[in-house]
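Let's take a friendly tour of a protein model. Have the sequence and the 3D view ready as you read.

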Amino acid sequence: MPRPEQNFISFEIDGREVRAPEGMSLVDAAKNGDVEIPVFCYEPKLGQAVGACRMCLVEIEGSPQLEIACKTPVEDGMVVVTTSDSVKQAQNAIVEFLLINHPLDCPVCDKGGECPLQDITFGWGPGRSRFIEPKRHFEKPLELSPLIAIDRERCILCYRCVRFSGEVAEDYQLVFLERADSTYVGTHQGHPYVAPFSGNIIDLCPVGALTSNAYRFRARPWDVENGGSVCTLCPSQCNVTFTVRDDAKVLRVFARDNAKVDDGWLCDRGRFGFQAVHAPERITRPMLREGGALHEVSWERALSEAAGGLERAGAGTAALVGGETTNEEGFLLQRLMREGLGSPHLDSRPGGALDPEQARALGRPELAAMVPDIDYADAVVVVDTDLQDESPILDLRVRKAIRRFAVKVVLVGGRPGALDPPADAIVRTTPDGGEAALGALAAALAEVEPVSVPPSDRRVPRDPAQTPTGGLDERQHGEPERQGESAGRERVDDLARRAGTSAEAVRNAAAALRAAGPTVVLWGERLSDGPRGRQGVAALLALARALEIPETEGSGLIEIPSGTNARGLREAGCLPGLGPGLLDAPQAGRPAAEIAAGLGEDLSALVLLNADPLRTHPDRAGWKRALEATTFVVAFADFESETVAEHADVVFPAESYAEREGTVTHADGRLQRVRQSIAHPGEVRPVWSVLAELGARLGAPADPPFLTSPMVTRAITEAVPFLAGLTLEELSGKGKRWQERDAAEAAPEAPSLPQADELEEPPEPVAPSNGDLRLGTTRSLWAGRETEHAPILRFLAPHQRVELSPQDGRALGVESGDEVEVSRNGSSVRGIAALRDALPPRSVYLIEGTAQDSATELLDGESTTVTVRRVEAE
C-alpha cells in the first residue's frame, strides 16, 4: 500500500492555533501546541485507542459532553479546551477514583520518581481524598513469571499489558480475570507469563504494578543515570537505554524508541541479558597459557606474546570474526591481517563463502528495503528464517503490518514458525530446498496468469491490431506460445518437486504476489550457506527481478543474518574475497570451512575475534581437530568457552556491549552508534585499541596512530567509498542509512539480476535411505551466553529439541516427550522429541548453538541425512 500523504490542518486548543496532520489523535496533536493532555491507557505503539481510563476528557466546541481526546481525531477548525472547570472537575474525579484502592506507598514503590500516576496526581488530581473506607488487598507481590513481579493492589486496569499480549505480541496469555471491583490481571490457570517479549509490559505499565525482578528494590531514579546505545545481542539491533549506577554497574535495560528500527519494543534477551555483563566468571584480565593452563598476566606480556606468535606465523595466520564485532574492530582486524601479516584468510560468516559479485548485488541501494517499508508493503515474503527466534523485533513488525495494514505474507521454508497462522501462502520445503523453491516461485511469477472472461465478453476484437497476437491467427502464433507456456509450467512443477513442495503451493504463493505492489523479502542467511549457497542467492536475486523490486519504490530485500553486525563486517572487509567497501580484496582468502581444513598444514595460527567455532560453526568435530592442530591461537573473549579454555594460547578480555564504543550496521544499511555506558571492569581495554596496538607491532601502523574509536570510524569512511564524509554527528541517536546519502552513488557496480530461466538446475533432493531423515537446523533466541551467565535468564537456556513429523514419529516409534538420539558418521546428539503436524515428512530439525548437544555436531556444510532412534529408559 502507498505511504499515506499527510494533509496538515489547523485547529485551536486552549486559545492557541496549532497545525497537525489530519486524523491524528487529539492527544498527540495537542503536543504540537505544547499542551499536555493526561493519559493512562493510551499508548500509540499499541494501536487504536480504547478509551478505558477516561483521563483525557476535554471540551470540544459543538459537543454537548466531554470527549475523550485519545479517540478523537483532529479536524480542521476544531476548537478544544483542556482547562475549563468541567474538564478539571472530571480529571480530579478520575484521579480520586483511581486512588480509592491504589496504595499510597510511593516511598517504597519501585516506580516512585518516574511514575505517570504520581505525576498526574500532582498535576491533575484534587490533592485530597474523601475515601476513608479500607482499600482492597491482594497477596503481593506475585511472580507473574520468573522475570516479572505483579502487585495487583497498584493496578489501575488500564488495559496496556493485556492489549500488548493480545494485540502486539499476539501470545494471548495475559487476560482480565473476575469482574467489577474484583477484576485483576492474570494468566489462564495461573501459568507463568513466559514469552519472548513479556518484559515490554514493565515499560508499558503506568504505575508500579508490574516490575522487573532484576531491578526491583535495586535503585531509585535519583541514584542512577541513563545512557543510550544499541543492543548487539541479535540482528534486530534495538535501540536501548542502560540504567547505570556509579558509572560501573548496569541495573536495567529498557527500550529507546526508534520507529525506523524497533518500534520501541525489546525482546527479553535484550532486556534481561545485561546481567551477564557483571557475571563473576567473566574474563577481565589478559591470560596466557603456561604449563597447559591459562594464567592471568600483564597486558604488556600478553601483547608481546601475541605479537610474537602472530609474527612467526605471518601469512599462515587465519582469523574468524564473530557477529557482535563492531565495524571498527572488524576494519582493524582485516587491516592487521592483510597489511601486517600478509594473510587474506579471514571470515565473518560461519556457514559458507559469499560470492563477491553477489555481495555487491545484494548491496545495491535499489535492492535495499528499510524496516518501515514492511508497514507499507503490499506483501512480505519470509524465506528460510523464523523471525521470532532470529530477529524477534522484525517478527513484531510483520505482525503489525498484517494486523493494521492487511499486508499479505508468504512463507518459504522447511520448518513451521510463529508466522504460519496469519500467512496467506506457505511453500513448505525440505531442508536445503530454499534454492529450488525460490526458483520455482520466480518461474511461476513469469507464467501467464489465466484470465477469466465473462461469456458476454468472449468475442474476437474487430481490429486485428487489438488481438493478443498482433493480428496473427492462432495457427501462426498460438501453438508456439502454448508450447512456451507448457515448458514454463513444467519447469515450475520440476523445481517444486526438487524443493520438496507442491506446484500448487508455489502457484498459490505466486498468485498472492502477482497482484501485489511493493514487496519486502526477508531472507535468512542460511539460504546462502553451504556448497549451494551461490545458487541460493542467485535464486533470491531472480525472485527480486520477477517481483520488479529494483523498479518499485518501497520494495527491497532485508537479510536476517546469523550475526548481529554481519552486514557491517561484510562492508568493512571481513570476508575472504572482499576488502572494505565490497571491493575485491588484493588477494582472495579462504572461507571458514577451508580455514579449518588448512589449520595444522599451511596455516599455523588463528585469531578468534568474538568467535567460538566449536559452538557456532558447522562441523564441530572438524573444528576440534583443527584447533588441536593449530600452533598458536589468540582469542578475544568475555567468557571461558570450551574453545578458549582448551585451545587459546593468549586471551584478551572482550568488552561487553555496555562498555563498547563504535558503530554497527543494521541489515537494512542503517549505521548506528554503540555508546559506552559503564566503565571497563578489571583490566579490560577497548578491543579496537588492542587491535591497533597489535597492528603497530606487526607492521601495520596507522598514521596518525589510532587514539580514539572515532578516529577508526573516520578511517572506515575514508576506505569505503559509499560511506565517504559520514560523521558520528550525522548518525546522532537514530542512525543513518548509507543508501539515503549522496555517497551511495559510489557503491560498486554489480551484475544485473538473473532471470528465472537463467538459473542453474538445482540438484535432486537427497533421498534418505534405511529410515534416515534429512537434517535441518534452526536457531533459538535463547541459545547464547546471556542465558547461561545472566542468572535471571538461565531457566530459558534451551535444551536440544528434536522436531519430527507425526508420520516419521509413528515409523520410528517415537512420541512427543521421548528422549531420542540423532547420529551421523559416529557423531551423535540427544534431545527431546517434539512431533509437529506441519513439518515436512522424512525431515528432522535440531537447534544450533545449544550449550550441549548442538546441531553443529552433525553438520559438515553438505546436505545431511541422519539416523534417529528412540533412547530406551534404563
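This report looks at a patch of surface charge and then at some aromatic rings.

## A predicted model

Keep in mind that what you see here is a predicted model.

## A negative patch

Start at the surface, where Glu12, Glu17, Glu22, Glu61, Glu75 and Asp76 gather in a patch of negative charge.

Take Glu61, one of the patch members, as an example. You will find Glu61 in the loop between strand E3 (57-60) and strand E4 (67-68). Glu61 has a relative accessible area of 64%, so it counts as exposed, the cut-off being over 50%.

## Aromatic pairs

How many aromatic pairs does a search of the whole structure find? The search finds eight. One of them joins Phe138 and Tyr184 in a tilted arrangement, 6.0 Å centre to centre and with 55° between the planes. This pair links distant parts of the chain, 46 residues apart: Phe138 is in the loop between helix H3 (116-124) and strand E6 (142-143), while Tyr184 is in strand E9 (residues 184-187). Phe138 is partly exposed, at 22% relative accessible area.

Tyr159 and Phe176 form an edge-to-face pair, with 4.8 Å centre to centre and 90° between the planes. Tyr159 lies in the loop between strand E7 (148-150) and helix H4 (160-168), and Phe176 lies in strand E8 (residues 174-177), so the pair ties together parts that are 17 residues apart in sequence. Tyr159 is partly exposed, with a relative accessible area of 37%, and Phe176 is also partly exposed, at 24%.

## An aromatic cluster

Finally, look for Trp299, Phe636 and Phe652, which form one aromatic cluster.

Conventions:
Residues numbered from 1 in each chain as written. Predicted model: local features only at pLDDT ≥ 70, side-chain atom pairs only at ≥ 80, totals over all residues. Heavy atoms only, no water. Patch = residues over 30% accessible without salt bridge, like charges linked within 9 Å, V, L, I, M, F, W, Y side chains within 5 Å. Areas by Shrake-Rupley, 256 points an atom, 1.4 Å probe, with all protein chains shown as cover. Salt bridge = Lys/Arg side-chain N within 4 Å of Asp/Glu carboxyl O. Lys, Arg positive; Asp, Glu negative; His and termini not counted. Charge placed at Lys NZ, Arg CZ, Asp CG, Glu CD. Helix = DSSP H or I, 4+ residues; strand = E, 2+ residues; numbered from the N terminus. Buried < 20%, exposed > 50% of the residue type's maximum accessible area, 1.4 Å probe, protein only. Phe/Tyr/Trp six-rings, centres within 6.5 Å; stacked < 30°, edge-to-face > 60°.
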